[in-house]
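Hi,

Here is the structure I promised to pass on.

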Amino acid sequence: SIMVNLIICVGMFYILHLFFKMSFSLHKVSFIEWTYTGGDTSNLNDLSKRMVAASDNLRQSLPVFFVFAILSVIQDVDNLMLAKIWFGLRVGYLVGAVLNLYRFKLIRPLIWLPSIIVLVCMGCNLYI
């Protein structure tokens with residue numbers, strides 16, 4: 001189903017997030033330092049630091065999304081449009097982090113808060 005495909009895309013998006021911290025700082029932190037837990041990764045550039053923050057933010061709502069999306073498939077509840085909106089907002093959040101838009105006050109909540117509202121709507125659809 002389309003919802004299952006979207007769930008897979010969100011999972012791949014999360015996996016992509018896992019590599020952003022390292023990818024954007026390889027010119028300042030050697031790959032060897034990333035390969036073990038005692039490696040010195042303190043020399044991250046600003047973009048990598050923003051990617052860490054964006055990934056942390058994604059991890060806060062990702063489990064709720066997965067639960068609601070999977071329950072939507074199991075219970076045959078049409079949450080597809082809401083799930084697409086949530087995913088679009090999360091991609092938008094990442095773009096905002098890349099462009100360093102969150103240095104401006106009140107920009108982050110304009111993207112983050114609607115994504116939470118969409119999750120609440122998905123949950124309400126499952127309950128009703």
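Predicted model: local features only at pLDDT ≥ 70, side-chain atom pairs only at ≥ 80, totals over all residues.

**What I found**

Starting at the N terminus, the elements of the protein go α-α-α-α-α. That makes a count of five helices and zero strands, where a helix is a DSSP run of H or I with at least four residues, a strand is a run of E with at least two, and numbering starts from the N terminus.

Residues are numbered from 1 along each chain as its sequence is written, and side-chain values use heavy atoms, with hydrogens and water left out.

On confidence, pLDDT (the predictor's own score for each residue, from 0 to 100) has a mean of 92 for the protein, and 100% of the residues reach 70 or more. Helix α2 (residues 31-34) is the lowest, with a mean of 81, and helix α4 (residues 80-98) is the highest, at 97.

Now the packing. Helix α1 (residues 2-23) sits against helix α3 (residues 46-75) at an angle of about 160°, their axes 10 Å apart; the axes are lines fitted to C-alpha atoms over the stretch in contact, and angles run from 0 to 180 degrees between N-to-C directions. So α1 is roughly antiparallel to α3, a label for angles over 145 degrees. By class, their contact has 17 nonpolar, five polar and two charged residues (nonpolar is Ala, Val, Leu, Ile, Met, Phe, Trp, Tyr, Cys and Pro; charged is Asp, Glu, Lys and Arg; polar is the others, Gly among them).

What about the inside? Of the 128 residues, 34% are buried, meaning under 20% relative accessible area, with exposed over 50% and partly exposed in between (1.4 Å probe, protein chains only). The largest nonpolar core has 24 residues, and Met-3, Phe-65 and Trp-86 have the most contacts inside it. Such a core is a set of buried Ala, Val, Leu, Ile, Met, Phe, Trp, Tyr and Cys residues joined through side-chain atoms within 4.5 Å. Two or more residues of this core come from each of α1, α3, α4 and α5 (107-127), and α4 gives the largest share, eight residues.

Val-91 counts as partly exposed because its relative accessibility is 32%. Its C-alpha is 9.8 Å from that of Ile-111, 20 residues apart in sequence.

Cheers

Methods
Parallel < 35°, antiparallel > 145°, perpendicular 65-115°, else oblique.
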